[in-house]
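Subject: Structure for you, with notes

Hello,

Here is the structure I promised to hand over. My notes follow below it.

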Amino acid sequence: MARIKIWLSTSCILWLIFYASKSQGFTSFKDTSGRRPRRDDDTTVQVRILTWNILAQCYMKRPPPFLFGDFSDDGALWPAYTDWTYREDKIISLLSEKKSDVICLQEVQVAMLSGLEERWTELGYDNHIQDSDEGHPVTNVILISKALKWNVVFKESRSRALILGIQPSNMTCFPFFLVNVHLQASSLDFLKTAQTRFSQVQSLLKRMKLGWNKMLDELKQSHKYDRHDEQPPAIIIMGDFNFSPSDPLYMLLVQGEWPADDDNTNADDTKTTYKNHLPPKVSKLSASSLPLLPLRDVSSANTQVTYEKGQHDLQQHGTPLSSLSWTYAPAKRVYDYIFVSDNVAVMEREDCLPSQLSKTLSYSAAAGAANNGKCKINDHDESRGNLYWPNKYHPSDHIPVGATVQIPLWKMAC
């Protein structure tokens, strides 16, 4: 009997030691996901990023009729600041002033690439150009500062996106994603546009997931990491998405699932339901099952940052911040975003509106209507807040969106 008691006591002690060792993390893994905890040699890199639709010069030939209605098709009578030479200098000047480490540009005209590449090189950038469809006049470009010494280990061009997988030069950390996006612009056929944009986002996220698996498989084959070291990818997606924050597709990106219909209580206590219609041929299940979501909108008031720099007051850490009022001047809507994964810290975000325009309203369709829908560009009155885009201060109809982010660099266990 005494031997049985001694055996039971010994067994209990051994079990307690084993359980304590597990709870203290003495084994390689502490959670059920199979991902290892952060290692002491894991690091981060802080970079300044910027996205900007620079407005291709070829699209200057097809401006809204209420803006250039009185001018000839060849642009001979347009003001000097609509000329590409003027606009190109302004674009390069702004990029030089911002000194961002990573820049995503949309609507880069293919015919202007050779001249732009030379100027980007002078600024100290390597450029990565999306492979556009034959005959398509514009493309997306990602500029990366040479000082970063990053390696592109994955590149894929989609119809509306450029995807890069990046590794630091020492090649001992897991790669992360840089993506430049320009989704389909609006059209009169709302449902068709919604379907196209959803398909573009769906394709992008699925290809990113496949690209992530491909990068990991290549690393595993080269014995650079064990599958148990795998971390979720750090993601930065920037660009012109051509939808506002009220669009269901925006909510899908930041919530990870298609939003429910909204019930609004009216002043008379009646309720109105706003339908967040799914695009045709898309089920709610498939819409809510896209990989790598949710993401965070850097400019959202719900995203905490260390501080915000720009024309407005400096904010302290943890203070909710107002979202951008607009990034696309003619419509005064937010179309341009920086989305990041949860493991990318937002350190700062910057208002990139030129100081001369900080108190100037954009030109609106209502102002055009006051002059029978046609306003001469030379007749604008800045004192009354009417200004046309592009203008002598700003070379595009979009405002750049900038931020400083901290990207995790998880070491691979060799």
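I start with one histidine. H398 touches W52, N53, D240, T327, Y328 and D336, leaving out residues up to four places away in sequence; contact here means heavy atoms within 4.5 Å. H398 sits in the loop between α8 (365-369) and β15 (401-409). Helices (H or I, at least four residues) and strands (E, at least two) are DSSP runs, numbered from the N terminus. H398 counts as buried because its relative accessibility is 4%. Buried means under 20% relative accessible area, exposed over 50%, and partly exposed in between (1.4 Å probe, protein chains only).

Now the ground rules. This is a predicted model: local features need pLDDT of at least 70, side-chain atom pairs count only at pLDDT 80 or more, and totals for chains, interfaces and linings use all residues. Residues are numbered from 1 along each chain as its sequence is written, and side-chain values use heavy atoms, with hydrogens and water left out.

Overall picture

The protein has eight helices and 15 strands. Of its 414 residues, 45% count as buried. Among contacts with a separation of 6 or more, 71% are between residues 24 or more positions apart. The accessible surface comes to about 21,400 Å², and 51% of that belongs to carbon and sulfur atoms. Areas come from the Shrake-Rupley method with a 1.4 Å probe; for residues, only the protein chains shown count as cover.

Strand β4

β4 covers residues 138-145, and eight of its eight residues are buried. V138, N140, I142 and I144 point one way. T139, V141, L143 and S145 point the other way. In a regular strand the side chains alternate between the two faces of the sheet. β4 has antiparallel partners. Six bridges join β2 (residues 102-109) to β4, with L105 opposite V141. Five bridges join β3 (residues 125-129) to β4, with H128 opposite I142. Two strands pair if DSSP finds at least two bridges between them.

Cores

The largest nonpolar core has 37 residues. Such a core is a set of buried Ala, Val, Leu, Ile, Met, Phe, Trp, Tyr and Cys residues joined through side-chain atoms within 4.5 Å. F177, M208, I237 and F241 have the most contacts inside it. β6 (161-168), β7 (176-182), α5 (190-221), β8 (235-240), α6 (248-255) and β13 (336-340) each supply at least two residues of this core. The largest share, nine residues, comes from α5. Leaving aside neighbours within four places in sequence, F177 has contacts that include F154, I163, M208, W212 and I235. A second, separate core has 28 residues, among them V102, C104, W150 and V344.

Aromatic pairs

There are 13 aromatic pairs. Rings of Phe, Tyr and Trp (its six-membered ring) pair if their centres lie within 6.5 Å; planes under 30 degrees apart count as stacked, over 60 as edge-to-face and the rest as tilted. W150 and F176 form an edge-to-face pair, 5.2 Å centre to centre with 80 degrees between the planes. W150 lies in strand β5 (residues 150-157) and F176 in β7, so the pair ties together parts that are 26 residues apart in sequence. W150 is buried at 14% relative accessibility, and F176 is buried at 1%. Y250 and Y337 form a tilted pair, at 5.4 Å and 45 degrees. This pair links helix α6 to strand β13, with its residues 87 apart. F241, F243, Y250, Y337 and F339 form one aromatic cluster.

Back to W150. Not counting residues up to four places away, its contacts include V45, V102, I144, Q167, F176 and I407. The C-alpha atoms of W150 and Q167 are 5.8 Å apart, across 17 residues of chain.

Helix α6

Six of the eight residues of α6 are buried, so the helix is largely enclosed by the rest of the structure. The buried ones are P248, L249, Y250, M251, L252 and L253. They pack against α5, α7 (284-287), β11 (296-297) and β13. D247 caps the N-terminal end: a side-chain oxygen lies 2.8 Å from the backbone nitrogen of L249. Just after α6, G256 takes a positive phi of about 85 degrees.

Best wishes

Conventions:
Polar contact = N/O pair within 3.5 Å; in protein donor to acceptor, adjacent residues only side chain to side chain.
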